[in-house]
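Work through the exercises below with the sequence and the model open. Each task is followed by its solution.

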Amino acid sequence: MYNHIDLDAIHLEETPPEQEPDRQRYFIAKARKQVRALSESAGRPMTFHIETYGCQMNARDSEKLAGILTMMGYVPHDGEDADLAVYNTCTVRENANRKVYGHLGKLKRLKEKNPYMRIALCGCMTQEPHVADTLKKSYGFVDLVFGTHNIFRFAELVFRMLESDAMVTEIWEGTKQIVENLPTQRKYPFKSGVNIMFGCNNFCSYCIVPYVRGRERSREPQAILDEIRGLAEDGVVEVMLLGQNVNSYGKTLAQPVSFARLLSKVAEIPGIRRVRFMTSHPKDLSDELIETMASSKKICRHLHLPVQSGSTRILKEMNRGYTKESYLALAAKIKRAIPDIALTTDIIVGFPGETDEDFLHTLDVVEEVRYSSAFTFQYSKRSGTPAAVMEDQVPEDVVRERFSRLLNTVQDLAKKECARWEGTIGQALVEQVNVQDSSLLTGRLSNNLLVHFPGDPALIGKIVDVRLAACKGFYYMGEMI
Ligand code: SAH
Ligand code: SF4
Ligand code: F3S
């Protein structure tokens with residue numbers, strides 16, 4: 001575990017320190033005592049399970065939560081029937097919220113059977129004002145509710161939860177604080193996400209993220225580089241730099257640094273073999289970044305460049321800050337500079353006012369750019385966002401029909417794009433034993449495509465050369481050479 005802390009050196013009889021992260025370290029030690037007592041009383045270790053929804057940002061947050069719980073003495077358990085079930089939620093689309101409420105019903109029944117069970121809810125959904133009220137009114141059996149801004153206070157909140165029989169709720173409206181150096185428990189020992197910034201200032205008119213994640217804040221480059229050096233010493237070979245709009249990284253720092261500059265510094269760290277990043281907003285993607293990517297072998301040949309719509313008129317309504325033409329010109333420029341790059345994207349269908357003609361522009365962009373894959377979404381109305389009150393919301397059947405047309409086009413072209421590399425040799429970072437066939441390993445190529453091939457599980461975490469023998473649509477079957 002990165003960032004190990006000597007809990008025995010913390011004096012529990014003293015008052016809690018005011019400074020972070022010392023304060024949270026103190027509460028990890030305090031909670032460890034509570035967890036020991038619970039384990040003794042139950043005659044077994046206390047277990048935890050974290051269910052994560054949403055984006056890479058939430059996945060990384062969950063690793064931080066897992067790190068803290070592990071230090072407290074909780075042991076991981078693969079299933080919701082753990083002694084502490086944590087739900088790290090996403091609210092980017094309405095159905096994500098529905099799923100969480102559905103699961104809570106199930107958790108209630110599990111809790112009735114296990115007197116030690118506690119339920120915690122966090123993540124973006126809890127930042128919506130009406131959610132905390134709904135939880136209080138109809139889901140009183142939930143033990144802890146906290147938001148995205150105070151996630152670093154998790155240790156203290158768990159301590160309070162274990163002391164109390166009532167629901168503990170702490171949700172902040174925002175924060176300027178960035179608290180570093182708390183423990184994390186990575187899902188994969190050999191790769192890790194790294195937050196480089198938090199929040200978002202773009203206010204795309206359909207999107208709830210700026211309201212639930214707050215204003216954009218960049219971490220100091222030194223703190224990021226120190227974290228990655230620590231990760232590399234801990235066996236990490238691939239990092240993914242995370243932010244809602246990494247291309248605007250560093251602009252608000254006292255000493256501004258460009259994202260491209262940060263990226264090349266990260267790529268220089270000994271032990272780091274691969275660097276990825278998510279997400280790039282097309283409006284802020286610089287020539288400096290393209291040059292940096294083109295000239296570095298360590299920066300992966302993958303760029304996620306969400307287009308959202310191909311219609312300039314809709315893009316304006318979405319407040320995206322680029323046009324169909326400028327996006328296409330940017331994609332062409334990237335492909336010219338980095339011919340082996342794989343471009344992927346996000347697309348929303350059925351934004352208010354979208355006509356068939358607008359939609360045809362989206363298909364047009366898909367055909368011209370030839371994405372290796374695309375996340376396609378039906379527009380979901382998020383209350384509080386400007387688009388939610390726009391006139392001309394598109395009828396559901398029209399959205400569904402456009403969505404399936406888009407999906408067919410995307411899949412068709414992605415298959416062709418993937419087939420371009422058939423027969424070549426690629427470098428794959430071996431991630432795991434294949435889930436369906438245990439004689440195979442699954443590796444990820446620099447361009448983010450997966451390849452399955454026979455091999456020894458001892459290779460997990462290593463980068464190996466693989467012949468991409470057969471393209472199967474979105475992945476390859478291969479053999480090691
Ligand atoms: N910061 C990233 C996106 C984060 S949200 C960016 O700007 O590209 C991930 C994706 O969810 C978005 O790219 C968008 O395609 C989708 N999304 C966001 N809000 C949505 C909504 N209201 N309805 C449907 N899809 C939405
Ligand atoms: Fe949402 Fe736009 Fe920010 Fe992405 S850039 S998180 S889509 S507001
Ligand atoms: Fe969802 Fe929050 Fe990420 S709303 S997409 S988990 S920033």
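**Exercise 1.** How many residues surround ligand 1, and which are the closest?

Solution. The model is predicted: local features need pLDDT of at least 70, side-chain atom pairs count only at pLDDT 80 or more, and totals for chains, interfaces and linings use all residues. Residues are numbered from 1 along each chain as its sequence is written, ligands are numbered from 1 in the order in which they are written, and side-chain values use heavy atoms, with hydrogens and water left out.

Step 1. Ligand 1 is surrounded by 15 residues (a heavy atom within 4 Å); Q244, P306, Q308, D346 and S380 are the closest.

Step 2. Look at the N and O atom pairs within 3.5 Å, the cut-off for a polar contact. A polar side-chain atom of D346 is 2.6 Å from an oxygen atom of ligand 1, and one of R320 is 3.2 Å from an oxygen atom of this ligand. S380 places a backbone N or O atom 2.7 Å from a nitrogen atom of ligand 1.

Step 3. Alone, ligand 1 exposes 540 Å² (Shrake-Rupley, 1.4 Å probe), of which the protein buries 91%.

**Exercise 2.** Into which classes do the residues around ligand 2 divide?

Solution. Step 1. List the shell: C200, N202, F203, C204, Y206, C207, V209, P210, Q244, H281 and R320.

Step 2. Sort with Ala, Val, Leu, Ile, Met, Phe, Trp, Tyr, Cys and Pro as nonpolar, Asp, Glu, Lys and Arg as charged, and the others, Gly among them, as polar. The shell holds 7 nonpolar, 3 polar and 1 charged.

Terms used: Polar contact = N/O pair within 3.5 Å; in protein donor to acceptor, adjacent residues only side chain to side chain.
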